[in-house]
Amino acid sequence: MVGDVSVMAQSSGSDLGSYLPLVFLLALGAIFAGVSATLGALVGPKRYNRAKLEAYECGIEPSPQPVVGGGRVPVAYYLTAMLFILFDIEMVFLYPFAVSADALGVFGLVEIVLFIATVGFAYAYVWRRGGLDWN
Amino acid sequence: MLALQPPPQAPIDAPQIEYSAILPVLILLGAACIGVLVEAFVSKASRWAAQVTLSLLAILGAGLAFVLYVTDSPERGLTTLYRTIAVDRPALFLWGTLLALGLGALLLIADRTVERGGAFVAQAGIRPGTVQDRAQMASGGMQTEVFPLTLFALSGMMIFCAANDLLTMFIALEVLSLPLYLMCGLARRRRLISQESAVKYFLLGAFASAFFLYGLALLYGYAGSVKLADIANAAAGSAASDTLLFGGFGLLVVGLMFKASVGPFHAWTPDVYQGSPTPITAFMAACTKVAAFGGILRVLTVGFESTSWEWRGVLWVVAVASMVIGAVLGLTQTDIKRMLAYSSIAHAGFLLVGALALRPEGLSGTLFYLLTYGFTTLAAFGAVSLVRDSNGEATHLSQWAGLAKRSPVLAWVFAFLLLAMAGIPLTSGFIGKFVVFSAGIQDGMAPLVVIALVASAVAAFFYLRVIVLMFFSDPAPDGPTVTVPGTFTTAAITLGVLVTLVLGLVPAFALDWAGTGTFAF
């Protein structure tokens, strides 16, 4: 596996062509974003209201004066965010495992169970120490 | 539908794992996980006792597994887990050093006789100076999470010294760093400077990790592999441009030098050493230095030896900068913990002289120097934690005046440790400097060694100044008192002083052990 990559890396830049679809995708994305933003600004109706001016899907407003907390975001969000990342990362590793579970065999299964158990320890810690109580 | 089925993959071979070789690390990691569960499920009242017992048993168990393995380990060492971990003689020497130093540091961390309730605060998140903060300073509780965190950090350090590829090394770097960032912020007294040190260490440490990772990426681009041996092969046999190789090497070295607090990447060291709880400072100063230089030795020797004539000049400059910064700025310090921090920067420069020698004498000399420096600095910070007044530790140098009249024992012990750091004969520091500098001379680095000798002479001045202050000055009327430590701290300081003395008188056995083998890859 590693050997193949090293051969590729050391040969000349001729196989850069395989990245061409990626470049197309990048260009397409840029064009799409540019066209929709321009078109929206040009032809869209301009009726502003309170809800429309809020940040889109970005959690609570931190400034200038949010609804609660006198300008601060409650620290409990931090724990929730950390837990979210914890499970997010767990998923990131579970997915490739699931795809090649056949090839990995029993060893892979044992490893992934160990991994889930370790994440479980952290989860048990947060749960027992009140990290999930929303007060 | 059938076309969407992925083609069946060929089975991936499970790695060959030499469990007996990596058992010490596994024991520490396992115990750290159990420690997290103890935090979750054991009642608050019995947590401290449970954690101390668990951690001590873990380190002793890991030490036992280590001794059992060392007695019949293969001479040439072995690699395991897809060649990502190399358990060879240098790694085993560093593991033994780390386990012994970790035991000493753990004893300092566990001590609750010097400060009521221990050196750690119960809730580190409370804002300093508030009513809640004063209330918790008076209470006897402490954050018992420090014990699993210490075990995690220690296991990370052990993996760091044995990591045979850069990715494993990066993971180990994070495993050792993240607990340390947290523990820096837990001092019971002087909360504000403790929190400041934690934030500084975290931000700068994250920055240095990014350098390391960027270097890793460039080296992978060059060699097509993260394994040190493959990078060495690629560097020896490739006609590709060297830009990626040396760009990657430079960035990688910045990350490594940061952890080892080598100047000019030292800026965090004085602040963090000063602000952290002193047991944690002892742990960092002793164990992180050992682990970081273990990693530096392996990277330089295994990965980049064949290109050494290209980069060695740069690291000469780094070594000189480190020695000069440590020795000169150490002179101006008025805080004992900051002074020891600058001393550690100077020592990092001396260690780099040995690491740059890139020959068996340099390897064994650097390993031996790490052993001696670790124990000396552990005991020195242990002693610093005992000199106290009503505000906690009295770290200002003026408060140390005339300490010999109040507590002759502590003054003599500390004077001995300072002499060892200065490199006076009959202490381990002298032998350490001697072997490292002679390896440097054998490798034709005489100018560097001359600079190192001058730097150690300058540094000796500020060590001697403290000794003069302790023995020949009049004590201040409201000066600090010396706390009589309990079993744990006494044991840790005694361990450090004894090793410093024994290695100064009969260094041969440790020197022999340090020189028994080279890196496996």
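Two residues are taken to be in contact if their C-beta atoms, placed from the backbone, lie within 7 Å. The model described here is a predicted one. By the contact criterion, 18 residues of chain B are in contact with 18 residues of chain A. Helix H1 (19-41) and helix H7 (191-223) of chain B each supply at least two residues of the side that touches chain A. H1(B) gives the most to that side, with six residues.

Chain A is helical. Five helices and zero strands are found in chain A. Along the sequence the pattern reads α-α-α-α-α. Of the 135 residues of chain A, 1% count as buried. The UniProt annotation "transmembrane region", from an unreviewed entry, covers residues 20-43, 75-98 and 104-126 of chain A. Two of these spans were examined for secondary structure and extent. Residues 20-43 of chain A are 100% helix and 0% strand. The end C-alpha atoms of residues 20-43 are 34 Å apart. Residues 104-126 of chain A are likewise 100% helix and 0% strand. Their end C-alpha atoms lie 32 Å apart.

H5(A) comprises residues 101-128 and spans only 33 Å between its end C-alpha atoms. A straight helix of 28 residues would span 40 Å at 1.5 Å a residue. A bend of about 75 degrees is located in H5(A) at A:Phe107. A:Gly130 follows H5(A) and has a positive phi, near 85 degrees.

Chain B contains 20 helices and five strands. Its C-alpha atoms fill a box of roughly 80 × 60 × 40 Å along the principal axes. The radius of gyration of chain B is 23 Å. A compact globule of 521 residues would have a value near 24 Å, so the two figures agree. Buried residues account for 57% of the 521 residues in chain B. Contacts in chain B between residues at least 6 apart in sequence were also sorted by separation. Of these, 81% join residues at least 24 apart.

An unreviewed UniProt entry places the feature "domain: NADH:quinone oxidoreductase/Mrp antiporter transmembrane" at residues 163-457 of chain B. In the model, this span is 78% helix and 2% strand. The end C-alpha atoms of residues 163-457 lie 36 Å apart. Another pair was examined across chain B. B:Ala240 and B:Ser390 are 150 residues apart along the chain, and their C-alpha atoms are separated by 65 Å. B:Ala240 lies in the loop between helix H8 (228-237) and H9 of chain B. A residue counts as buried at 20 or more C-beta neighbours within 10 Å and as exposed at 12 or fewer. B:Ala240 has 14 such neighbours inside 10 Å and therefore counts as partly exposed.

The largest nonpolar core has 190 residues. B:Leu98, B:Val353 and B:Leu417 have the most contacts inside this core. Helix H11 (residues 278-304) of chain B gives the most to the core, with 17 residues. Neighbours within four places in sequence were left aside. On that basis, B:Val353 is in contact with B:Ala319, B:Val436, B:Phe437, B:Gly440, B:Met445, B:Leu448, B:Val449 and B:Ala452.

Several loops of chain B hold backbone features of note. The peptide bond from B:Gly263 to B:Pro264 is cis, with omega near -5 degrees. B:Pro264 is placed in the loop between helix H9 (243-259) and helix H10 (268-275) of chain B. B:Leu81 is not a glycine, yet has a positive phi of about 55 degrees. The loop that holds B:Leu81 runs between strand S1 (78-80) and strand S2 (85-87) of chain B. B:Leu81 has 15 other C-beta atoms within 10 Å, so the residue is partly exposed. B:Leu426, also not a glycine, has a positive phi of about 75 degrees. The position of B:Leu426 is in the loop between helix H16 (408-422) and helix H17 (428-442) of chain B. With 13 other C-beta atoms within 10 Å, B:Leu426 is partly exposed.

Key
Residues are numbered from 1 along each chain as its sequence is written. Chains are lettered from A and ligands numbered from 1 in the order in which they are written. This is a predicted model: local features need pLDDT of at least 70, side-chain atom pairs count only at pLDDT 80 or more; totals for chains, interfaces and linings use all residues. UniProt positions are given in the numbering used here, feature names are shortened, and annotations may be inferred rather than shown by experiment. Helices (H or I, at least four residues) and strands (E, at least two) are DSSP runs, numbered from the N terminus. The expected span of a helix is 1.5 Å times one less than its number of residues. The bend at a residue is the angle between axes fitted to the seven residues ending there and the seven starting there. A nonpolar core is a set of buried Ala, Val, Leu, Ile, Met, Phe, Trp, Tyr and Cys residues joined through C-beta atoms within 7 Å. The radius of gyration is taken over C-alpha atoms; the globule rule is 2.2 Å times the number of residues to the power 0.38.
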